[in-house]
Amino acid sequence: FTAGVCFFLFCMGIPMVTKGGAYIFQLMDFYGASGIPILWCCFFQTIAIGWLFGVKRFAGCVEQMTGFRPNSYWLVTWGGVAPAVMAVIFLFYIFRFEPVKYGVVEYPSWAHIIGFMMSASSMLWIPGYAIYYLSTGEGTIMQKLNRGLTPDIKTQRHKLASKASDIHLMNESSVKLVKNQSSFLSPHPE
């Protein structure tokens, strides 16, 4: 399977090294690899972390993983500033859209359609999965929406004690290394 994927991607990359390769690369870079598709995904990821999961809960997870609680700057950024800035950039991009050019050469309409299809191929997964999630499963639409917007994470902390004086809090998603050990899994050398 891996060899097949590598061969397929190799074949897809061959046009990039032809005489018109930079022309094709510019189109793929503009519509597929940078800009709006990445901003779209980051916007929804930030909304999911900041509003659905919650900035306080996320800060608690960061504290469990690093040992330091993020200050209020990060809470405000995750909860409001970052989504607002991304939304403004996205709207600005839509209203001020200028088709891609390669130097002074303008791309034909069919090239822009292919470019929009490349963008949509990564952007449509977010609303597509939301529609799929709401259309399958048991319960009413409101029950499925509520279940889909409620984080399903275990936040119960487990205690790991190798000595009575060496207690560290852990959970499934974070590990704080036990002091003075080469590995938190190995017992203390006595």
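**Briefing: helices and their contacts in a predicted model**

Leaving aside residues up to four places away in sequence, Thr46 touches Trp51, Trp78, Ala82, Pro83 and Met86, where contact means heavy atoms within 4.5 Å. The structure is a predicted model, in which local features need pLDDT of at least 70 and side-chain atom pairs count only at pLDDT 80 or more, while totals for chains, interfaces and linings use all residues. Residues are numbered from 1 along each chain as its sequence is written, and side-chain values use heavy atoms, with hydrogens and water left out.

**The chain as a whole**

- Of the 190 residues in the protein chain, 22% are buried; buried means under 20% relative accessible area, exposed means over 50%, and partly exposed lies in between, using a 1.4 Å probe and protein chains only.
- Among contacts between residues at least 6 apart in sequence, 49% join residues that are at least 24 apart.

**Thr46 and the pair α3 and α4**

- Thr46 belongs to helix α3, which covers residues 36-66, and Thr46 counts as buried because its relative accessible area is 15%.
- Helix α4 (residues 72-95) packs with α3 at an angle of about 170 degrees, and their axes are 8 Å apart; axes are lines fitted to C-alpha atoms, for helices over the stretch in contact, and angles run from 0 to 180 degrees between N-to-C directions.
- The two helices α3 and α4 are therefore roughly antiparallel to each other, given that angles over 145 degrees count as roughly antiparallel, under 35 as roughly parallel, 65 to 115 as roughly perpendicular and the rest as oblique.
- The crossing of α3 and α4 is left-handed, a term used if the near helix is turned anticlockwise from the far one by less than a right angle, whereas clockwise makes it right-handed.
- Sorted by class, the contact of α3 with α4 has 20 nonpolar, three polar and no charged residues; Ala, Val, Leu, Ile, Met, Phe, Trp, Tyr, Cys and Pro count as nonpolar, Asp, Glu, Lys and Arg as charged, and the others, Gly among them, as polar.

- The axes of α2 and helix α5 (residues 109-123) come within 8 Å and cross at roughly 40 degrees, so α2 and α5 are oblique to each other, and their crossing is right-handed.
- On the α2 side the residues are Leu27, Met28 and Tyr31, and they meet Ala111, His112, Gly115, Phe116, Met118 and Ser119 in α5.
- By class, this contact of α2 with α5 has six nonpolar, three polar and no charged residues.
- Ser34 sits in the loop between α2 (21-33) and α3, and Ser34 counts as partly exposed because its relative accessibility is 29%.
- Although Ser34 and Ser119 are 85 residues apart in sequence, they are 9.4 Å apart in space, C-alpha to C-alpha.

**The pair α6 and α7**

- The axes of helix α6 (residues 125-135) and helix α7 (residues 141-149) come within 9 Å and cross at roughly 130 degrees, and α6 and α7 are therefore oblique to each other.
- The contact brings together Tyr133, Leu134 and Ser135 of α6 with Ile141, Lys144, Leu145, Arg147 and Gly148 of α7.

**Cysteines**

- A search of the whole structure finds zero disulfides, a disulfide being a pair of cysteine sulfur atoms within 2.5 Å.
- Cys6 is partly exposed, with a relative accessible area of 48%, and Cys11 is partly exposed at 34%.

Conventions
Helices (H or I, at least four residues) and strands (E, at least two) are DSSP runs, numbered from the N terminus.
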